[in-house]
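Student: I have a model open on my screen and would like to walk through it with you. Could we take it one question at a time?

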Amino acid sequence: MSVVRHTDPDVFLEAAQPMAARGEASASFFTGAAHTLKRTPPRAGERLYLASFRSGHALGTANQRDNGPVLIGESDIVAARAFADDLARDWPALHGVMGAPMGAQAFARRWRDLTGRGHRLSVRLRQHALAAGNAVPAGPGMPRLARVGGLG
């Protein structure tokens, strides 16, 4: 098992860099969480899990805060199983996993094997990336500087 736990969001982001190459939508799972942690550090006693996985060509990232689900994004199946192994020891009461279908299903099956807790699909989410946008036509009128005292 090649799971590495991190406490520093910047170190986590550095370790997760190979996952960012999979695409912006995938990277948003872990980059958003890490940047939020930098703005609002965990309170004393708040649960925090930042982890990366690398073994050969298999990659993964996982993050979880307080009582939320663990987010594994586009982690490979072997990474998802490794995160389940790592988390089950410390927090068998975890309430969910979010990520790409193959990894999330692998995590859930491994979780069931380790903890005896069943699982069910409760929601399907998709991430979309805007590749191009349409030009926005200019509005009518002219720009003007605001002045003290209003119009005139």
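Predicted model: local features only at pLDDT ≥ 70, side-chain atom pairs only at ≥ 80, totals over all residues.

Student: Let's begin with Asp66: is Asp66 buried, partly exposed or exposed?

Tutor: Asp66 sits in the loop that joins strand 3 to strand 4. Buried would need under 20% and exposed over 50%. The relative accessible area of Asp66 is 29%, so the residue is partly exposed.

Student: What is the phi of Asp66?

Tutor: Asp66 is a residue other than glycine, yet its phi is positive. The value is near 55 degrees.

Student: Moving on to strand 4, is Val70 buried or exposed?

Tutor: Val70 belongs to strand 4. Leaving out residues up to four places away in sequence, Val70 touches a list of residues including Leu87, Val97, Met98 and Phe107. Its relative accessibility is 0%, so Val70 counts as buried.

Student: How far apart are the C-alpha atoms of Val70 and Tyr49?

Tutor: Tyr49 is among the residues that Val70 touches. Along the chain, Val70 and Tyr49 are 21 residues apart. Their C-alpha atoms are separated by 8.2 Å.

Student: Which side chain makes a polar contact with the side chain of Ser52?

Tutor: Ser52 lies in strand 2, residues 48-55. With a relative accessible area of 8%, Ser52 is buried. Beyond its neighbours within four places in sequence, Ser52 is in contact with residues including Val4, Ala15, Thr61 and Phe83. The polar contact, at 2.7 Å, is with the side chain of His6.

Student: Now for the aromatic rings: how are Phe12 and Phe30 arranged?

Tutor: The structure holds three aromatic pairs. For Phe12 and Phe30, the ring centres are 6.2 Å apart and the planes are at 85 degrees, so the pair is edge-to-face.

Student: How many residues apart in sequence are the parts that Phe12 and Phe30 tie together?

Tutor: Phe12 is in helix 1 (residues 9-15) and Phe30 is in helix 3 (residues 24-39). Both count as buried, Phe12 at 0% relative accessibility and Phe30 at 2%.

Student: What is the distance between the end C-alpha atoms of helix 4?

Tutor: Helix 4 runs over residues 77-90. At 1.5 Å a residue, its 14 residues should span 20 Å. The distance in the model agrees with that: 21 Å.

Student: Which elements are included in what covers the buried residues of helix 4?

Tutor: The buried residues of helix 4 are Ala79, Ala80, Ala82, Phe83, Ala84, Asp86, Leu87 and Ala88. The cover for these residues includes strand 1, strand 2, strand 3, strand 4 and helix 5.

Student: Is Trp111 buried or exposed?

Tutor: Trp111 lies in helix 5. At a relative accessible area of 6%, Trp111 is buried.

Student: Which residue just after helix 5 takes a positive phi?

Tutor: Helix 5 covers residues 101-115 and reaches 21 Å from its first C-alpha to its last, close to the 21 Å expected. The positive phi just after this helix is about 80 degrees. The residue is Gly116.

Student: Finally, which element gives the largest share of the lining of the largest pocket?

Tutor: The largest pocket has a volume of about 1000 Å³. Of its 31 lining residues, Val97, Met98, Gly99, Ala104 and Leu121 lie nearest the centre. Helix 3, strand 5 and helix 5 each supply at least two lining residues. The largest share, seven residues, comes from helix 5.

Notes:
Residues numbered from 1 in each chain as written. Heavy atoms only, no water. Helix = DSSP H or I, 4+ residues; strand = E, 2+ residues; numbered from the N terminus. Buried < 20%, exposed > 50% of the residue type's maximum accessible area, 1.4 Å probe, protein only. Polar contact = N/O pair within 3.5 Å; in protein donor to acceptor, adjacent residues only side chain to side chain. Contact = heavy atoms within 4.5 Å. Phe/Tyr/Trp six-rings, centres within 6.5 Å; stacked < 30°, edge-to-face > 60°. Expected span 1.5 Å × (residues − 1). 1 Å grid on protein atoms, 1.4 Å probe; cavity = no way out; pocket = protein on both sides within 12 Å on 5 of 7 lines; lining within 4 Å. Points joined across faces, edges and corners; volume = space filled by probe spheres on them.
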